[in-house]
Structures are given as C-alpha cells and as structure tokens.
Amino acid sequence: MNFTYIPSLCYIPIMRIKKTSPRFSLRDEPFGFTLYDKNRLRHEFILKDEWEVIKKERAIAEPDVHYLPAKRTDFRDDIIYSPIRVYWELTLGCNLHCRHCFNDSGKRRPYELSTEETIQGLHKLKEANVLDIRFTGGELTRRPDWYEILKEAKNLGFSVSCNTNGVYADPSVFEKFARLDLEQVTLSIDGNKEAHERNRGVGTFHRTIDSLRRMHEQGVKLRINTLITKSSLGDLEFMIELASQYATEINFFITRFVGRGIHLTTEAVSFEEFFEMSQKAQEVRSRYPNVSILHFEQATIQNSSRSGLYDKFGLRFGPPDGTTRFNITSDGGLWAGGYIPYVDPDYRIGNIKHDDLFEIWQRSPKLEKFRDSSRRLELYCSHCPEYAKRCPGPNFELELLRQRKPEIQNPYCFFGNEPSLLTKIEENDNKS
C-alpha cells in the first residue's frame with residue numbers, strides 16, 4: 001500500500017487571527033519560483049510560466065503575496081536558491097531531562113550565541129531569502145531573550161514557528177506566545193499520561209495539557225509532536241482525538257538513537273509495528289477532517305526532492321536535509337541536519353557568526369559531500385521492494401550512526417539487522 005499525503009485545507013477557527021503579513025511568499029528560483037503558504041507551512045515549486053495560471057485558479061490576490069527576488073545571480077540550477085526552512089536551536093538549556101533527548105539537553109552549551117549575534121544571524125538569513133524559521137532547543141523559553149528573538153524574526157517577515165515542552169514556571173509565557181502570533185507552536189506530548197511521563201518525567205503530562213489548553217484559549221496556532229515508542233504505540237487515536245480539540249496538526253515520528261536515546265533501542269517499535277500504526281492512522285484520517293495527521297515520516301517526505309517528482313524543475317533529488325532544510329546550533333554552527341551534530345561532528349559546515357549562508361548553501365564542498373552521500377543512500381533504497389510501501393525511505397543519520405556503532409540496529413528497515421546501508425554502498429563501490 002502506498003501512502004500519499006493530502007494536506008487538509010480546513011482548519012478549526014480558534015479565534016480571530018491578526019492579519020500581520022501576506023499569506024504567501026514567492027521566491028525566485030533557477031526554474032521559476034518557490035511558493036510558500038504561511039497558513040499551511042507548505043511549499044511548492046512552480047515553473048515560470050505556471051505562476052499566472054495558478055494565481056488566477058486559486059484567486060490569489062497580489063497584496064497577499066510577498067515577492068522575494070533573487071539578490072544574487074551566481075546560483076546553481078540543480079538546487080534551490082537557499083534553504084526554505086532553517087531549524088534554529090536557540091539553547092541546549094532545558095528544564096526537563098527526557099530519556100529520548102537526541103541532543104542531551106539540560107545545561108546550556110558553552111559559547112551560545114548572544115542576543116546580538118542571534119539577531120545578526122536572523123538578518124543574514126533574511127539576506128539569503130530563507131522563508132521559514134523553526135526555533136528549537138533544549139527549551140527555547142529558558143533563554144531570557146527568547147521573546148525578543150522570535151519577535152525580531154516575525155518583524156523581518158519570516159514564517160516563524162517553534163517547538164516547546166509546555167512546562168513553564170513563568171505564567172507570562174502564554175500571553176507572550178499569543179502576542180507573537182506565530183505561524184505554529186508545537187508541543188511535545190508522547191502519548192497518554194503513562195507513556196508521556198515515562199519519557200519526560202513525573203508531573204509533566206497534566207502541565208503540558210494545561211499549557212495546550214491555555215494557548216488554545218488565547219488563539220495560538222498549535223501542533224502536537226508525538227514520539228512513537230512501544231509505550232505510545234497504542235495511543236494513536238487518543239492523541240488524534242486530543243489534537244482535534246486544540247491543534248490543527250499532529251506529527252507522529254520515530255525515535256532516533258542519538259544523545260540520551262542511544263541506549264533505548266529496545267523501546268523502538270518494529271518495522272511491522274511502524275507500518276501497521278501508519279495504516280491505522282490512514283484509516284482514522286477521515287474521522288478527523290480538521291486535523292492534519294502526519295505519519296509514516298510524511299513530514300520528511302513532503303520536504304524531500306524524490307527521484308522523478310521534481311525532474312521537470314531540474315533539481316537533484318535528495319532528502320530534505322541539505323536539500324530544502326538547514327540547521328543552526330545554539331553556538332551558531334551550520335549543519336545540513338538537526339541530528340547530524342550529535343552523530344558526526346565532522347559534518348560541521350561553518351558558523352552563522354562569520355559565514356555567508358548563501359555561499360555555504362551554494363558552494364560548500366562539505367555540504368556537497370553530505371548531499372551526495374544522502375542521495376546515494378536514497379537511490380540505493382529506492383531499488384528495495386519495500387521502498388515507499390512498507391518503508392517510507394532511508395534514515396540517513398541512523399545509517400551514519402550505525403557505521404560508527406555497528407552494534408546498533410535499525411528497526412525501521414527491513415534489513416536493519418545487517419551492516420549499515422552506507423557501509424554496503426561503500427563496499428559496492430570498492431568492488432566496482
């Protein structure tokens with residue numbers, strides 16, 4: 001069975017939403033344009049001669065489109081102009097100690113960017129025509145200047161969203177999120193009370209649910225992230241029902257065995273369990289038309305350039321890391337993917353304090369090496385009979401980790417008890 005994600009266009013009206021900026025961004029690309037919808041946090045690629053037709057068919061008015069012309073002419077034609085989304089880890093400081101935390105959050109990282117350095121970095125992203133920023137942590141609200149930083153990002157015209165654990169000591173947090181009018185605030189809820197607190201700590205479930213309710217009451221646009229483990233596997237419909245009351249979207253995603261989660265492979269669901277859970281999510285979708293339900297790694301797939309899908313744009317295929325998305329760690333480090341700093345630090349590409357993001361994106365040899373490795377893995381997996389059927393596709397960071405730690409298996413892959421797929425690719429190269 002193939003899964004095709006059709007995003008819901010119908011969202012629950014929570015409160016009157018302030019109209020602060022155009023809904024769409026239209027960015028110049030070598031093939032035409034990227035059209036970005038801030039309401040849905042989705043992008044699509046458009047050929048030059050398609051835009052006028054699409055604008056007319058969808059009744060998109062000129063005032064609702066913010067046009068971003070290319071500021072540079074020295075760009076490649078096989079990749080997009082710059083990242084669509086940048087994930088920015090504001091801090092490693094955190095008030096929780098989650099068992100599955102991939103970046104081992106708790107204490108702030110030495111030499112985290114100052115307020116001034118962070119805001120200068122935002123302006124660099126604006127100069128590079130980045131469309132979307134998602135702020136992460138740690139817990140971003142542990143930074144005293146978090147509100148100031150997010151407000152500046154909004155003022156610069158980015159689509160701004162964030163991830164948060166929903167456990168706060170300061171009650172003014174709710175009003176601040178409401179005033180920011182972010183495109184999305186994502187709260188982490190890992191199943192029912194038992195499953196959630198098994199990962200995040202005693203007393204966290206009701207506090208997070210209360211935060212979800214209070215933000216909803218203040219008109220904050222919400223999403224829920226749910227980690228799939230053996231503990232939460234049976235909570236799929238419970239979580240979707242919860243999301244239907246407060247959020248517009250829910251994303252079910254798999255464990256990465258990185259950071260504190262490296263020793264928790266026994267809690268991961270099996271290949272068959274993951275597929276069966278995805279089938280069930282597909283079946284219940286029709287009962288919740290007002291909630292966008294992401295499962296079977298759809299959040300990753302919809303941001304990938306898969307072989308065959310984007311051929312008409314002349315783009316090289318590949319997964320989202322380094323293809324449509326990019327990452328910044330709290331010390332300013334530049335990375336192709338969010339898990340990569342905690343798997344292989346040698347993949348560090350630069351630092352936002354002193355490097356030009358456009359130059360890095362277009363010309364970095366290290367980034368191109370990363371892209372090439374991830375593309376080759378995608379191509380290798382595309383020949384598997386399970387690809388895009390019972391398997392959503394490869395997990396580059398997990399296969400990279402397994403190269404360095406061969407004792408770790410990949411439960412989400414039909415061949416996950418064998419050597420890393422990246423090792424197999426290298427062995428095939430040596431044979432030829």
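Modeller: What follows is a set of questions about a predicted model, each answered by setting a value against its definition.

Biologist: What makes the chain as compact as a globular protein of its length?

Modeller: The chain has 13 helices and 14 strands. Its radius of gyration is 21 Å, which is close to the 22 Å that the globule rule gives for 432 residues, so the chain is as compact as a globular protein of that length.

Biologist: Why is the pair Asp190 and Arg200 called a salt bridge?

Modeller: The closest N and O atoms of Asp190 and Arg200 are 2.7 Å apart, and a salt bridge requires a side-chain nitrogen of Lys or Arg within 4 Å of a carboxyl oxygen of Asp or Glu, so the pair qualifies. Because Asp190 lies in the loop between β8 (184–188) and α5 (193–200), while Arg200 lies in helix α5, the pair ties together parts that are 10 residues apart in sequence.

Biologist: How do you know whether Asp190 is buried or exposed?

Modeller: Buried means under 20% relative accessible area, and Asp190 has 3%, so it is buried. Arg200, at 14%, also counts as buried.

Biologist: Why is Glu62 called exposed, whereas its salt-bridge partner Lys55 is called buried?

Modeller: Exposed means over 50%, and Glu62 has 51% relative accessibility, so Glu62 counts as exposed. Lys55, with a relative accessible area of 11%, falls under the 20% limit and is therefore buried. The closest N and O atoms of Glu62 and Lys55 are 2.4 Å apart.

Methods. Residues numbered from 1 in each chain as written. Predicted model: local features only at pLDDT ≥ 70, side-chain atom pairs only at ≥ 80, totals over all residues. Heavy atoms only, no water. Helix = DSSP H or I, 4+ residues; strand = E, 2+ residues; numbered from the N terminus. Rg over C-alpha atoms; globule rule 2.2 N^0.38 Å. Buried < 20%, exposed > 50% of the residue type's maximum accessible area, 1.4 Å probe, protein only.
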